[in-house]
Each structure stands twice: as C-alpha cells, then as structure tokens.
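Hi,

Here is the structure I promised to pass on. Have a look at it first, and then read on for what turned up.

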Amino acid sequence: MRRKRPEGIKDYTGPAGGWGALKAVAVSLKAQQIVSQGAQTLLKSNQPDGFDCPSCAWPDPKHSSSFEFCENGAKAVAWESTAKRIGGDFFAQHSVSELWEKTDHWIEDQGRVTEPLRYNAATDHYEVVGWDEALAEIGAGLAALEDPNQAEFYTSGRCSNEAAFLYQLFARLYGTNNFPDCSNMCHEATSVGLPKSIGIGKGTVSLEDFDHADLILSIGHNPGTNHPRMMATLRDVARRGGKIVVFNPLKERSLERFESPQSVVEMATLSATPIATSYLQVKVGGDAAALKGIAKALVALDTPETPVLDHAFIAEHTAGLEAFRADLDATDWAAIEQSSGLARADLEAVAQIYAQSKATICCYGMGITQHRTGTSNVQQIANLLLLRGNMGRPGAGICPLRGHSNVQGDRTVGITERPSAALLDKIQDVFGFDPPRADGHSVVESIAAMRDGTAKAIVCLGGNLAIASSDPQACAQGFRNMDLAVHITTKLNRTHLLMAKASYVLPCFGRTERDTQEGGPQAVTVEDSMSMVHASRGFLMPPGENVRSEPWIVAGIAKATLGGKGAIDWDGYVANYDRIRDKIEAVFPAFKDYNTRIREPGGFHLPNSAAERVWNTDTGKANFIVATGVEEDETTRDPSVLRLTTLRSHDQYNTTIYALDDRYRGVFGRRDVLFLNAKEIARLGFVEGDVVDVTTALAFKRDDRIVQGLMLVEHALPDGCCASYYPETQPLIALEDHDPQSLTPSYKSVPVQIRSAGTKNAADRIVARAGVAGRKISVKA
C-alpha cells in the first residue's frame with residue numbers, strides 16, 4: 001500500500017527540465033501580468049544584442065540560439081520586468097509596521113518601486129521625496145560622519161561593472177574601503193583560497209573546455225535550480241560518453257536525469273538524458289575528507305611502471321607536494337570514511353576513473369565554500385587537479401559556479417574590502433588622489449560594526465542584506481542602530497523595513513530596461529563566471545519617470561556628499577558610459593580596448609594567468625596546500641546532534657522567492673519543512689509529518705537561535721544530516737560561525753538539535769516561521 005505523504009508533499013518521479021519547466025515559465029509570466037511582453041523579453045535574454053539575465057552567471061554559448069534562457073532565468077526576468085507597480089499611493093496605504101507583518105514573498109510581489117522614498121518616523125510611512133532633496137539629505141548625512149570608516153557600502157552582484165566602478169571610486173574618495181559584498185557570503189572562499197593555490201581567485205576554464213573534457217567532477221551544487229543553463233552543457237557531456245561524478249549530500253533530480261526543453265525529440269518522446277555516472281552522497285561537511293580520500297587513493301595507484309600522477313607537470317609547475325603527500329600518508333582511511341560518510345571502495349573507484357581521464361574539470365558551488373573550512377575545501381579541489389596536471393590545458397581546470405550574474409565582475413573592477421597596493425596605486429595615478437590604504441569591512445565585519453554601534457551609515461547598491469546574511473538577529477539590530485540607511489533597488493524587500501534614524505529607498509532600472517542618458521542609449525557590461533565580459537542592453541521602458549540608472553544614482557550621491565572633492569566629472573561619466581569604461585581600462589590594463597571589444601558580439605575574455613600556466617603566487621608555482629582546519633563532526637560525540645545544510649527551493653533565487661513550490665523535491669505550497677532520511681526520523685522518535693523546533697547545538701547555542709514549526713519530510717540524505725530552506729533557517733547561524741580565512745558564513749554545516757514543537761519557549765528571541773503564506777521573520781526590536 002502506498003504511504004500517505006503529509007499535506008503539500010508529493011513523490012516527484014519526473015526528470016528535471018521538460019514540460020514542467022515550460023509550464024513553470026508560463027505560470028510565472030502570467031503571475032507577473034506580462035504574458036505577451038514577457039515572451040518577447042525572454043527572446044532578448046542572453047543575446048548579443050539583448051540584456052544579460054539578472055539570474056545566474058553561467059556563460060552564454062559561443063553560437064547563440066533563439067532561446068538562451070532557462071526556467072529560473074525566465075522567472076528572474078519576469079520578476080524584474082513585472083507589470084506591477086508601487087508608488088506613493090501604495091506607501092500611503094501601508095505603514096512600515098503593517099508591511100513588516102507581510103511575508104517576504106508578498107512584499108516583493110507587489111511590484112516595482114517607482115518613486116524615491118523617505119521614511120517618516122512620525123507617521124511610520126515611507127513617503128515620496130524629490131530626487132534633489134533625497135540626494136542632498138543623503139550627502140549631508142554621509143558628510144556629517146566623524147570618520148568615513150563609520151559608513152558601509154554594500155554591493156549586490158546584480159550591479160553592472162560601470163555602476164560598481166563608480167561606487168568604489170566614490171567610497172574611496174570619500175575615505176573608506178568598507179565594501180561588504182554579496183560575494184562575501186558565497187564564493188569568498190574561492191577568492192581567498194585559489195590565489196594561494198594557483199595565483200588567481202577565479203576559475204580557469206572556458207565554456208569550450210567542456211567540449212573536450214571526458215570527466216566532470218561535480219561537487220556541492222545543484223545546477224537544475226541554481227544555474228539551469230549549465231544542464232545543457234552537462235547533457236552534452238553525458239550524451240557524448242563523458243563521465244560525470246557527483247558529490248552532494250542530497251539527491252538532486254537535475255544531476256540524475258534531465259529532459260532538455262529545447263530538444264524536440266526529448267520533449268516529444270519524454271526521453272530524459274541520464275546525467276550522473278556515479279552519485280556519491282557525501283556527509284554534510286565531509287567534502288574535504290572525500291577529496292583527501294580520492295587523492296590518497298590516486299597516489300597509491302601511482303607506480304614507476306604505471307605512473308598516474310603527472311610528474312612532469314608537478315616538477316615544472318608546482319611546489320609543496322612532499323608535505324601534501326606526507327599529510328595523505330598520515331591520514332587514516334577510517335577517519336576519512338567516518339568524516340565523509342563514504343566507503344573507501346567508493347572513493348578508490350572515483351580515483352580509478354580520475355586516473356583514466358585525459359581531461360578533467362571540477363565544478364563546485366556553495367556546498368564547498370559555505371563551511372568553516374571553506375577556503376581549505378577549495379584548495380583541496382585544486383590539489384586534486386594539480387596531481388594530474390589538470391590546470392591550463394584544454395578540457396581541464398577548476399570551475400567555481402558563481403551565483404549572481406555579475407558577482408565576479410564587480411570584484412574585478414574594484415569592489416574589494418582588501419585592496420592590493422597595486423590597485424590603490426593605479427587609482428592614485430589615474431584620479432590624482434591617494435585612496436585609503438587600510439583594509440575595510442566584509443559583510444560579517446560590517447554587521448558586527450553595525451550591531452556594536454561603530455558603524456553609523458550604510459548604502460546598499462541592491463540586495464537584501466539583512467535576510468541574505470547570517471545572524472539576522474544581529475543584522476536587524478544593526479540596521480536599527482544606524483543614523484542613515486540608503487537602499488538602491490528595483491523592488492521593496494524585508495531589509496528596507498528595518499528603519500534607521502533616516503531611511504531612503506531609491507528606485508533604479510533593471511537589466512531589461514532601456515537606459516538613455518544625455519549621450520544617448522547606454523549599454524552596461526557584466527562578467528560571467530568564466531571571465532567573459534559582454535554588453536547588456538535593456539529595451540523595455542522604465543517602470544516610471546522617476547526611476548533612474550544605478551550609475552546616475554551613485555554619481556548623484558557622490559556629488560551631494562563630496563561636492564567638488566577630487567575634481568571627478570561625475571556628470572560626464574553618467575552622460576556616456578564609454579567614459580566610465582575608459583577609466584576602468586586605465587586602472588585595469590586587462591580591459592584593454594574595452595569600448596571596442598564590448599561592441600563585438602559575445603564580448604571578450606579577460607586574461608587568466610593560471611589558464612596560461614603562469615602562477616602569480618609567492619613561490620611562482622602552483623602550490624599544494626595541506627588542509628589547515630578540520631570540520632568538527634559533532635554528530636559523532638552526541639547522537640542527538642544533526643548537521644544542517646541550508647538550501648534554496650526551485651522557486652527561489654537567493655532571497656527572492658518566486659512561488660512556494662520546490663517541484664523536484666516534491667514540496668508544494670509551503671516552505672516550512674526539515675528534510676531527513678526515514679531512518680533518522682525514526683531514530684529520533686518521530687514520524688514524517690511531525691512538527692518540530694530546530695535549535696543550534698553546542699558552541700553557538702542561545703535561546704534565540706531557534707526556528708519553530710518545521711514539518712519533517714523524508715528525503716534521501718546521509719545519516720546524521722538534515723536540510724532546510726534558506727533564508728528561513730538563518731537565525732540558527734551566528735555571525736561568529738564562519739570560515740576564519742575568508743569570513744564566509746557557515747550556512748552549509750550547522751550543528752543543530754530538534755525537539756517536538758512548542759516544548760520550550762523563550763520570551764525574548766527571534767522566531768522564524770514558514771508556512772503556506774510564504775516566509776516571515778519577526779524580530780523583537
């Protein structure tokens with residue numbers, strides 16, 4: 001007899017993609033009231049003469065087709081280009097306190113903000129304010145700070161290269177390197193770890209390398225939801241006989257079977273392509289142990305008679321092998337099995353596959369970086385590739401899967417809290433002022449400064465910081481401590497409802513919209529996750545006559561704050577973005593002939609030293625690096641402790657929730673779930689459908705570190721592990737719970753305990769509630 005699943009939970013047996021994806025796109029366009037316009041808009045998405053999708057950073061193919069969008073990219077485009085609008089009437093009708101009681105999904109689904117807004121504490125309403133007045137007040141507020149380092153300048157990865165460059169120029173002329181960036185919360189471990197290994201903090205592969213790879217190691221990511229256009233590439237690898245070995249705690253449908261919506265044969269015959277050759281469900285937090293096991297097995301296979309390691313490459317291009325091998329020798333197989341949750345035989349089988357590969361690419365996502373050992377995890381992937389010379393040759397290399405479409409680009413053009421002396425010297429040469437030399441704040445450091453009262457103002461260039469960050473308790477307190485908070489945004493979100501003494505919301509263009517300035521129609525540029533820089537041109541009319549471009553707003557705040565300091569021609573830059581790109585080229589020689597090359601279809605590839613086997617490291621070589629930290633497994637000491645990993649649903653991108661379904665995991669109309677395997681549910685004395693509270697265990701346990709009312713759902717996970725949605729479970733993660741090297745929050749390995757719902761209550765705590773109406777976080781002021 002088939003078991004009855006809880007309400008909203010169904011067994012999903014279909015493939016990823018297919019007719020389900022097409023239906024989801026149609027539903028999304030209808031929900032945003034843009035069925036006809038939306039279809040036309042999607043045909044411009046990721047096209048050489050169109051706009052760059054505001055979703056993931058997967059590169060565009062060399063030869064574009066008519067359909068270069070995926071299901072979740074289509075949802076992102078529909079969400080941004082919605083016909084829904086909110087202006088003065090909406091904010092007159094709804095107080096901030098009333099809006100706070102709405103779900104996050106409801107708040108963002110109201111539509112595009114069309115007027116600049118200023119909060120009135122006396123009425124508890126946002127009210128329309130003129131641009132000149134708003135900019136003057138913001139500039140006066142920033143100028144009044146005792147120290148420029150009391151201001152934080154946050155950036156979201158959706159901003160363009162042009163806006164990001166002006167933003168960092170303004171903040172450095174103002175006097176600070178405080179640049180908390182969304183990358184601090186996702187791939188900062190890559191940016192910190194890879195330079196020490198290979199001399200550059202980016203991936204080394206191009207999209208064409210996937211045509212030549214015979215093995216893909218896929219670790220800690222879910223492409224079907226987070227970068228679905230990658231699925232077409234993996235499908236091509238699988239169909240030509242390449243092997244794809246997956247390491248992931250959850251069985252993700254897209255890595256099992258995929259039905260391409262662009263394949264007439266697959267759609268007509270419902271014949272999905274198998275993706276994973278092998279699927280190893282590594283324990284949450286056990287990736288470094290698994291990688292070490294593969295490396296240990298690989299080294300054991302190497303003999304003078306049958307060499308497996310690339311000894312010529314190692315001798316010419318690497319340093320540190322002896323220490324790395326000594327560490328492998330000293331590591332016991334029993335410890336590897338216990339920490340990884342995988343059998344020695346399985347890891348040895350992967351080593352055999354790897355030994356036979358002629359060209360291997362390793363792709364990884366935030367399942368690798370968002371741990372207390374994130375930086376070390378990244379370096380262990382580099383170690384494994386270096387053993388067989390899989391760096392800097394066709395079909396081989398390392399491939400970090402970035403999230404936002406320009407999260408890599410804004411860092412390239414200067415959004416960094418730890419700038420190099422060379423960058424600062426170049427800024428001084430080009431602009432004639434000496435920028436601040438001290439390191440600034442990352443996200444974790446900024447929130448700590450806001451919480452502790454040492455930061456007084458924050459400007460957010462996009463994003464939803466208070467909900468995206470770890471420890472929303474500290475972030476909420478921090479925003480409410482501020483003298484000034486400024487939000488440059490397309491839509492209203494939860495962070496905009498955390499009121500500083502003075503709060504402003506400034507509406508900006510989205511990627512899909514036409515940007516016309518004094519010099520005529522403008523294009524912006526973005527960088528994908530494989531270092532391709534290309535133009536993006538919107539074509540829709542802006543949502544209101546009082547909406548402005550990001551460069552215009554940044555320049556306006558800069559003029560109001562700095563006056564004539566630095567003699568920067570802010571108006572000239574806004575009038576013609578070519579002038580901004582000329583200055584980017586002057587500061588960053590890698591952008592040589594910038595304006596010429598972005599006018600070529602597809603753009604251009606930035607130089608990548610490691611791809612050329614040039615190693616800009618302290619040793620002048622690629623370095624094998626011994627793991628410096630161990631992800632402590634609390635579950636072995638206390639069987640009541642589980643290791644929680646946070647994840648996104650299929651109807652979600654970062655903190656934006658498009659709808660309340662998670663189709664591939666069989667969850668519909670709700671988000672209040674905690675996934676465990678059936679064995680673990682029974683071991684802990686529960687049954688599927690029981691409602692539990694989840695608390696943080698051990699070192700960071702506090703009365704307010706609790707998420708209430710999650711329903712237990714059976715899902716294929718390793719023993720001792722559980723999973724739940726981000727950002728609902730953010731209250732469990734302390735600001736201090738991060739990778740010490742990169743300060744990346746440990747979203748993917750949180751020690752937790754569960755108990756029946758309502759068995760213990762604390763009067764003073766954060767309560768996260770998820771339900772059929774969406775998501776709401778209530779924060780006690």
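Let me start with histidine 715, which touches Leu250, Lys251, Arg665, Phe675, Leu676 and Asn677, leaving aside residues up to four places away in sequence; contact here means heavy atoms within 4.5 Å. Histidine 715 sits in the loop that links strand S29 (706-714) and strand S30 (721-725). Helices (H or I, at least four residues) and strands (E, at least two) are DSSP runs, numbered from the N terminus. Histidine 715 counts as buried because its relative accessibility is 14%; buried means under 20% relative accessible area, exposed over 50%, and partly exposed in between (1.4 Å probe, protein chains only).

Before going further, a word on the source: this is a predicted model, where local features need pLDDT of at least 70 and side-chain atom pairs count only at pLDDT 80 or more, while totals for chains, interfaces and linings use all residues. Residues are numbered from 1 along each chain as its sequence is written, and side-chain values use heavy atoms, with hydrogens and water left out.

Next, the sheet. Six strands make up an open sheet with mixed pairing, in the order S5-S4-S17-S16-S15-S6; two strands pair if DSSP finds at least two bridges between them. Strand S5 (125-128) and strand S6 (151-155) are at the edges with a single partner strand each, so one side of each has no neighbour in the sheet. From one strand to the next, the twist averages 20 degrees; axes are lines fitted to C-alpha atoms, for helices over the stretch in contact, and angles run from 0 to 180 degrees between N-to-C directions.

Strand S4 (residues 117-120) and strand S17 (residues 502-507) run antiparallel and are joined by two bridges. Arginine 118 has tyrosine 504 as its bridge partner in S17. Helix H25 (residues 550-562) packs on the sheet, where it touches S15, S16 and S17, and its direction makes about 160 degrees with that of S16. Helix H7 (residues 131-143) lies across S4, S6, S15, S16 and S17, at about 135 degrees to S17.

One more residue to look at is isoleucine 314, in helix H14 (residues 311-317). Isoleucine 314 is buried, because its relative accessibility is 8%.

Cheers
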